[in-house]
Amino acid sequence: MRGLRRARRHAAGTAPGSSGDAPGSSGDGAPRVDGPDLAGPADLATPLPPAVVARLGPHRLSTVSRVTGTREGAHRSTRHGHSLEFADQRPYVAGDDPRSLDLAASRRHGRLLVRIHEAEDDTSLRVVLDASRSMAFGGKLGMAGHLARALAHVAAHGGDRIRVVVATDDGRVAASPWLRGAAAGWSIGHTLASVPSTIPSPDEHPGPAALSDAVRRALGEGPVGPVVLVSDLLVLDWTEVVRALGTGRGDAVLIHLLGREDRSPELDGDVDLVDAETGRVVSIAATDQVLAAHTAALARWQEEVARYAARHGVAVVAADDRDDVAGIVTVGLRRTGVVT
Amino acid sequence: MRLASPWGLAALGLLVPLVVWYLLKSRRTRRVVSSTMVWQSVPQAMTAATPWQRFRPDATFWLAAFALVVGAVALARPYAVVEATLGDHTIVIVDASGSMSAREGDTTRLEQARRDVATVVDGIGDGQEVSVIEAGSQARVLVAGATTADEVDGALARLRLQDGPADLDDAFVLATALQRPDQATVMHVVTDREVPGALVADRAVSIQPVGAVRDNLAVTRLQVVPRGSGTADLFVALRNWAQHPVEARLSITVDGEEVAAEVVDLAPRDAVDRTLNVRGGAGAVVRATLVPADDTVDVLALDDSAWGVLRSPEQVRVVAATPGNVFLTAALEAVDGVEVTEVAAVPDDLSGADLLVVDRVAVPAGVTVPMLLVAPTSWPAGVTAAAPVDLPALTIQTDHELLGSVDLSAVAVAAATPLSGDQMTPVAGGTDGDLVVAGRLAGVPTVALGFSLTDSNLPLTAAWPTFVANAVGWLAGAPPTVPAVAGGTVVVDVPAGLDTVLVSPPDGRTVEVSAVAPTLVVDRVGLWRVVPGAAAPGSATDTPAGVAELPSLVVNPDGDEGDLAQPPPEPVAVVTAGDGPELAPGRQPLASLVVPVVLVALLLEWVRATVVARRRAGGRGDRPGGASRAERGRDGRWTSSVARAVARVRP
């Protein structure tokens with residue numbers, strides 16, 4: 001019951017020390033705003049607060065790499081097209097549209113040359129959500145849902161497609177259809193709300209989520225486009241997940257989402273720590289030295305994740321479960337070039 | 001509630017080590033966290049715990065402490081004060097008669113009596129004493145002045161069931177002897193028979209009945225009458241105590257071999273007699289056994305059989321050495337089975353004689369046959385004759401067997417010689433000395449009269465032939481035609497020349513019977529085998545013990561013991577007269593109520609430990625990529641969110 005009350009305090013943003021000064025919080029400058037509407041939501045079904053939606057209004061998806069879209073859009077395509085932006089010239093061959101002849105250049109070079117223009121396509125954003133048991137601690141899961149909704153809003157506003165792939169805590173992978181337009185946010189919410197979950201007991205450990213499978217499935221379907229993974233990466237095979245994320249041809253971003261429970265758990269005395277996913281037990285004596293060592297180890301691991309992701313072409317946005325969702329999107333993701 | 005042993009509460013001191021154990025015990029709390037991946041890389045994670053922990057009692061502690069407290073209370077022997085059942089001295093008389101061996105369900109009446117007594121004395125308190133008397137054929141004190149229930153339980157374990165009736169008179173005499181004037185005495189009688197009102201009058205007595213009206217079959221009598229030519233007539237009496245007709249099989253065996261069998265239909269509460277003729281040698285054992293077709297109608301086994309011994313018709317050959325005495329010879333010849341040979345003097349060869357009567361002639365030395373001496377001219381060694389007296393008083397008449405149905409009050413003696421002897425017992429006499437004595441001289445039964453029949457009017461009285469018949473029976477041993485009954489007293493025939501015989505009842509004991517006091521209380525039905533014991537000192541007979549077997553005794557059940565149709569007595573609580581003893585309050589032990597509480601507490605602790613261990617063991621199983629039970633909520637439905645469950649997952 002005490003744990004239940006504490007969890008509700010977290011959900012309501014009224015937990016002690018919830019002012020946003022948790023150690024190891026986002027280092028990307030995403031502003032942490034205290035307030036009931038910005039507190040970490042409790043679950044995937046919680047809709048975005050209107051204030052957050054308002055702040056996301058002017059932002060669009062952006063791509064660093066060329067994309068291959070299904071429709072014309074605002075992102076540089078891997079193909080040539082009919083935009084106004086000049087791309088290149090090539091010799092005229094029979095069958096080319098005579099209207100594409102560059103007369104000036106043909107005169108200068110003494111042969112017929114035609115103009116080639118850039119193509120601009122829409123992009124297809126993939127959001128992979130980690131809904132494993134570890135994400136259920138603190139407000140991480142709700143934050144992941146909000147980030148998916150926020151990205152859906154940004155994508156829809158720019159006319160781009162979005163798809164959400166969820167690695168559930170029962171080891172399965174659930175995916176929404178490709179969504180576009182104003183209804184994308186609602187559809188994403190519907191998809192997230194339908195993710196099956198459990199009311200487990202403290203002694204049940206379902207095992208880790210199939211995060212690598214979810215990433216590969218997201219990358220394997222649809223045209224080239226950015227992919228955003230929202231996860232705490234608290235799995236032993238996190239390197240495989242990051243490596244899989246970096247294999248895509250589009251932009252890859254990892255929102256490394258940790259919570260206050262992960263950074264500085266409230267422990268006292270001798271404790272048997274039970275892994276929520278695997279059931280593995282680690283016995284510790286929660287002294288100040290041990291807690292400090294844990295904090296240092298966590299920081300080292302975060303740095304290792306960042307270095308490993310960089311080597312595999314994955315941009316990392318470190319986030320806290322009580323960060324501002326709009327801040328993560330408009331500041332953190334903007335630095336990675338996925339959002340403009 | 002009061003405590004009989006307050007020192008038992010000292011066991012509460014065990015709470016101290018229990019608490020200290022909890023202070024020292026490294027009790028790790030379980031805490032479910034999102035992941036232990038980072039913790040595994042913390043090198044200091046497994047540091048030892050601080051030895052002194054904060055006191056954090058859990059359910060196990062409270063259960064253990066509760067069990068400890070209740071156990072300490074149990075050791076203190078709590079009790080409740082109840083109405084008086086025990087006095088300062090409580091005398092328990094337990095009926096150990098044959099009917100107490102009747103089955104009552106899956107137990108016996110005697111076992112029920114044991115439990116009842118144990119229940120009564122369970123509340124024995126400080127300063128109270130309990131005595132237990134076994135009321136069998138002969139009452140005996142099992143324990144006197146016991147101050148603890150354990151002592152009484154030990155005495156109850158020594159209770160020995162007997163086959164005869166209970167001698168409650170004897171038991172109450174013993175109980176009265178155990179009373180002390182400074183103690184308030186209460187008597188508890190546990191029996192299945194009515195207690196005579198005279199016994200309980202003016203006493204603080206409670207009667208606790210055991211048993212109920214039951215069905216029973218019995219062989220109530222078996223008489224063997226020798227008919228000569230190696231045959232004998234058997235008279236068998238059967239009895240059905242049940243309220244309904246019973247079919248049973250009557251079996252007759254001679255020395256273990258069945259010689260006759262018959263199916264007998266017994267009407268309700270009916271008695272049936274059967275007469276059979278069997279053949280067998282002298283000394284053969286006849287047994288009549290009644291086996292009902294339905295075992296449930298016979299709850300008492302001891303009276304299902306009766307025994308008898310085949311004997312040849314016997315004659316007592318009497319040699320009467322007398323100058324002539326018509327009174328003597330007539331009285332001898334009047335006795336059944338007696339053959340009298342009259343001689344003038346004691347012959348040298350007495351072989352073939354069963355009894356020697358010496359009347360006013362000399363007694364030779366070394367006589368080995370029983371003797372009836374009537375004023376002989378010389379007395380044998382061992383009998384001392386005093387100076388003759390005239391008109392001696394004959395005022396003392398003992399209850400010796402010789403004087404059974406004999407009244408000597410009208411007898412007058414003109415002159416007599418008072419007799420005495422170390423081995424002789426006075427039978428009759430007066431202030432001048434004993435005129436009739438009996439005993440054994442060198443192992444030879446001897447009866448001596450210190451006066452001549454011609455100097456007395458004894459031969460003219462009705463007592464004379466009876467006295468002679470008694471003397472012949474006592475000296476020569478009358479043939480026992482009627483088997484003894486359990487609980488009765490029999491006179492064992494100790495042959496001349498033996499000092500003792502050894503009697504072995506059916507229960508395997510061995511009882512030594514002396515020739516001086518050859519009586520024996522037979523408390524077991526069945527065949528009592530008799531073998532010679534020690535030879536008499538100075539006897540010419542030198543029969544070593546155990547060489548030859550003497551005629552066996554047969555003891556048959558008492559007919560009244562089989563009457564289980566009698567209702568048990570009405571229960572009577574302790575009644576004290578107005579000036580009767582004031583009883584101390586009784587105690588109702590409560591430990592029997594406390595102990596189950598301890599057991600329940602320990603059981604709960606075990607169940608809790610088992611369930612917790614099983615849940616933990618089940619929860620640690622890895623199920624990679626799969627979900628079975630965990631996929632569903634407690635209500636069996638899919639829930640909409642993982643995070644909604646977080647609050648429940650969090651410790």
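Colleague: What makes A:Tyr308 buried or exposed?

Modeller: Buried means under 20% relative accessible area, exposed over 50%, and partly exposed in between, with a 1.4 Å probe and protein chains only. A:Tyr308 has a relative accessible area of 12%, so A:Tyr308 is buried. This is a predicted model, in which local features need pLDDT of at least 70 and side-chain atom pairs count only at pLDDT 80 or more, while totals for chains, interfaces and linings use all residues. Residues are numbered from 1 along each chain as its sequence is written, chains are lettered from A and ligands numbered from 1 in the order in which they are written, and side-chain values use heavy atoms, with hydrogens and water left out.

Colleague: Why is the pair of A:Trp238 and A:Tyr308 called edge-to-face?

Modeller: Rings of Phe, Tyr and Trp (its six-membered ring) pair if their centres lie within 6.5 Å; planes under 30 degrees apart count as stacked, over 60 as edge-to-face and the rest as tilted. A:Trp238 and A:Trp301 are both buried. For A:Trp238 and A:Tyr308, the centres are 5.7 Å apart and the planes stand at 75°, so this pair is edge-to-face too. A:Trp238 lies in helix α7 of chain A and A:Tyr308 in helix α9 of chain A, so the pair ties together parts that are 70 residues apart in sequence. Helices (H or I, at least four residues) and strands (E, at least two) are DSSP runs, numbered from the N terminus.

Colleague: How do you know that A:Trp238 is buried?

Modeller: The relative accessible area of A:Trp238 is 6%, and therefore A:Trp238 counts as buried.

Colleague: What puts the buried residues of α7(A) on the same side?

Modeller: The buried residues in α7(A) are A:Trp238, A:Val241, A:Val242, A:Ala244 and A:Leu245. They cover an arc of only 160° around the axis, which puts them on the same side of α7(A). The arc is that of the directions from the helix axis to the C-beta atoms. Their cover includes α6, β6 (227-231), β7 (252-258), α9 and β10 (314-320) of chain A.

Colleague: Why does A:Ser212 count as buried?

Modeller: A:Ser212 has 6% relative accessibility, so A:Ser212 counts as buried. A:Ser212 belongs to helix α6 (residues 211-220) of chain A. Apart from neighbours within four places in sequence, A:Ser212 is in contact (heavy atoms within 4.5 Å) with A:Asp237, A:Glu240 and A:Val241.

Colleague: What makes a nonpolar core?

Modeller: The term covers a set of buried Ala, Val, Leu, Ile, Met, Phe, Trp, Tyr and Cys residues joined through side-chain atoms within 4.5 Å. The largest one has 43 residues, of which A:Leu129, A:Ile162 and A:Ile255 touch the most other members. Helix α4 (residues 140-157) of chain A gives the most to this core, 11 residues. A separate, second core has 41 residues, including A:Ala244, A:Leu258, A:Ala286 and B:Val38.

Colleague: Turning to chain B, how do you know that the buried residues of α5(B) line one face of the helix?

Modeller: In helix α5 (residues 168-178) of chain B, the buried residues are B:Leu168, B:Ala171, B:Phe172, B:Ala175 and B:Leu178. Viewed down the axis of α5(B), they fall within an arc of 115°, so they line one face of the helix. B:Val173 and B:Ala177, on the other side of α5(B), are exposed.

Colleague: What makes B:Trp606 buried or exposed?

Modeller: B:Trp606 has 55% relative accessibility, so B:Trp606 counts as exposed. B:Trp606 is in helix α9 (residues 591-619) of chain B. The C-alpha atoms of B:Trp606 and B:Thr60 are separated by 9.1 Å, although the two residues are 546 residues apart along the chain.

Colleague: What makes you say that a charge sits over the ring of B:Trp241?

Modeller: NZ of Lys or CZ of Arg must be within 6 Å of the ring centre and within 35 degrees of the ring normal. The charged end of B:Arg239 sits over the ring of B:Trp241, 4.0 Å from its centre. In chain A, the charged end of A:Arg161 sits over the ring of A:Trp178, 4.5 Å from its centre.
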